[in-house]
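Here is a note for a colleague who is opening this entry for the first time. Please keep the sequence and the model side by side while reading the numbered points.

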Amino acid sequence: MGETLVCTSVTAPTAEAALRDFHAAAAAGADLVELRLDLLDAGEEWEPLLGASPLPVIVTNRAAWEGGRCTLPEADRLASLATAAAAGAAFVDVELAAAAAYAAAHGTPGRGVNGDATTGGKGRERCRLILSHHNFERALSHDEAAKVYAEAVAAGADVVKVAMAATSAADVGVVFDLLSAARVPTIALAMGERGVITRILTPKYGGFLTFTSVAAGAESAPGQLDTATLLSAYPFRSITPATAVYGVIGCPIGHSMSPVLHNAALGAASVDAVYVPLLVDDGDLERFLAAVRPHGFVGFSVTLPHKLAALTAVGEAVDPVAACIGAVNTLVADDAAPAGYRGYNTDWTGALDAVEEHRSVTDAVVMVLGAGGAGRALAFGAVSRGAGLVVIVNRSLDKARALAAELRTDSCPAVAATPEAMLDLPFVARVDVVMNSTSVGMAPDVDATPVDAALFLQRDCPLVFDAVYNPLETRLLREAAAAGCVTVSGVEMFVRQAAAQFRLWLPTVPPDVELMRSVVLAALAKKK
């Protein structure tokens, strides 16, 4: 159906501000703009905007009963859309529920009530009709979405629009199915953070357009990206039905730097792919994977809180090391696997490789802070690299003891302690390496630290590693450096585990590790 368009929805309260936003949208790369009459102040003269706009205009006057702010009598509201059609609007958006009333009073946009063709003014093509349906409370089922689409087509829509709230990440499957099956131009999206990917990936499934905002904070609906971000952070203009989709699964996910890192690496390697953030609620992973597997999602990074759930999801289709660790941070599409994906763990290699650039772990006393998915990865990694003793420190002593029991071998004993008791381990003469796997100290809680700085002095610890990479220097690393320790930032683990994921997804394409590192450091500097 042609290239997917970018439409910037303008929410300005005055005509003057709206025209400024029209020009800002054009400068940012939008293809058209949406003028929201229901968001303009009363009395604003909006008709001249249609001739002054640098881009084609969709005119919307959303009724309060469908999530907008227009409270005019229905006849007056619909008349404003007919005025827009005659004054040069490229499209008018009429709610599907009001389609019959609009057609009875005003005919099809761009045509008279008797069906005679007219132009949209100033020699433009006739105004086209968008028939829309919105549900801000819940997602539609596949059958409900198909019914809305069929009714809109039957009512004479030039473009069908279906917008629904995403209450689960799995709801995106309804949108992708609807777009893939559509035979007339269709806009379909899932609103909210769980549905952001429907706005980014709409070109892959043939969507007519995606909506953006002029700037962050100026969204007309939940989950909109601003135009500049959509077009700079993602390869939106080059996404086609053949484009492979990768992403990072987590909750929360807005802080993740994986999209900027992997999109840069994929672009540098000339791979036809896009990498997206995926907000998946705890307990919803398997449902999400089932919903997106048929839609070209070929690989995932997995972060908190899903690493243990990912192991369960893949069943026996798991790398032996990941099975021993008990956590999966990487999924690779595999049609032979029961869930459609095979699981791996690259956390441990990323961390241990970073540490061993500075000192060998062989025969070392390694203290691992945390006993969750990342902690298990670091602890098993230390054992596999020949550590002489592993000390697990965790707030839950039972959880620490359970992990220590799993780790313990004839050549590598393992013990457990709580943060309060870790300074009182008389049988541990020194600690060679401290490895923090927890999120303590991560932005915005930058003043927090998982251990007392006395540890570094009392145990004469030569090396401290922190898996946290935002901020680049955590309080833990800052205090360790002040005590004379060698410090290793979580950036090194993050970059190395990401490069290992890239190799699992694309075995014949080498990742540009230096580029990945520079992109992350630049992003961190920008946040700082």
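1. In which loop is Ser270 found? Ser270 sits in the loop between α9 and β10, where helices (H or I, at least four residues) and strands (E, at least two) are DSSP runs, numbered from the N terminus. Its phi is near 55°, a positive value in a residue other than glycine, and Ser270 is exposed, with a relative accessible area of 67%; buried stands for under 20% relative accessible area, exposed for over 50%, and partly exposed for what lies in between (1.4 Å probe, protein chains only).

2. A word on the source: this is a predicted model, in which local features need pLDDT of at least 70 and side-chain atom pairs count only at pLDDT 80 or more, while totals for chains, interfaces and linings use all residues. Residues are numbered from 1 along each chain as its sequence is written, and side-chain values use heavy atoms, with hydrogens and water left out.

3. Asp363 belongs to the loop between α13 (347-356) and β14 (365-369), and with a relative accessible area of 63% it is exposed.

4. Five strands make up an open sheet with mixed pairing, in the order β10-β9-β11-β12-β13, where two strands pair if DSSP finds at least two bridges between them. At its edges are β10 (273-279) and β13 (341-344), each of which pairs on one side only, and from one strand to the next the twist averages 20°. Between β12 (residues 330-333) and β13 the pairing is antiparallel, over four bridges, and Val332 has Arg342 in β13 as its bridge partner.

5. Helix α9 (residues 258-268) lies across β9 (244-250), β10 and β11 (297-302), and runs at about 170° to β10. Helix α10 (residues 285-292) lies across β9, β10, β11, β12 and β13, at about 155° to β11. For these angles, axes are lines fitted to C-alpha atoms, for helices over the stretch in contact, and the values run from 0 to 180 degrees between N-to-C directions.

6. Which way do the residues of β2 point? Leu32, Glu34 and Arg36 point one way and Val33 and Leu35 the other, and all are buried, in keeping with a strand (residues 32-36) that is mostly covered, five of its five residues being buried.

7. Strand β2 has parallel partners, for four bridges join β1 (residues 5-10) to β2, with Ser9 opposite Glu34. The chain passes from β1 through helix α1 (residues 15-28) to β2 in a right-handed β-α-β crossover, meaning that, with the strands pointing away from the viewer, the path from the first strand over the helix to the second runs clockwise. Four bridges also join β2 in parallel to β3 (residues 57-60), where Leu35 stands opposite Val59, and β2, helix α2 (residues 47-52) and β3 form a right-handed β-α-β unit.

How values were computed:
Contact means heavy atoms within 4.5 Å.
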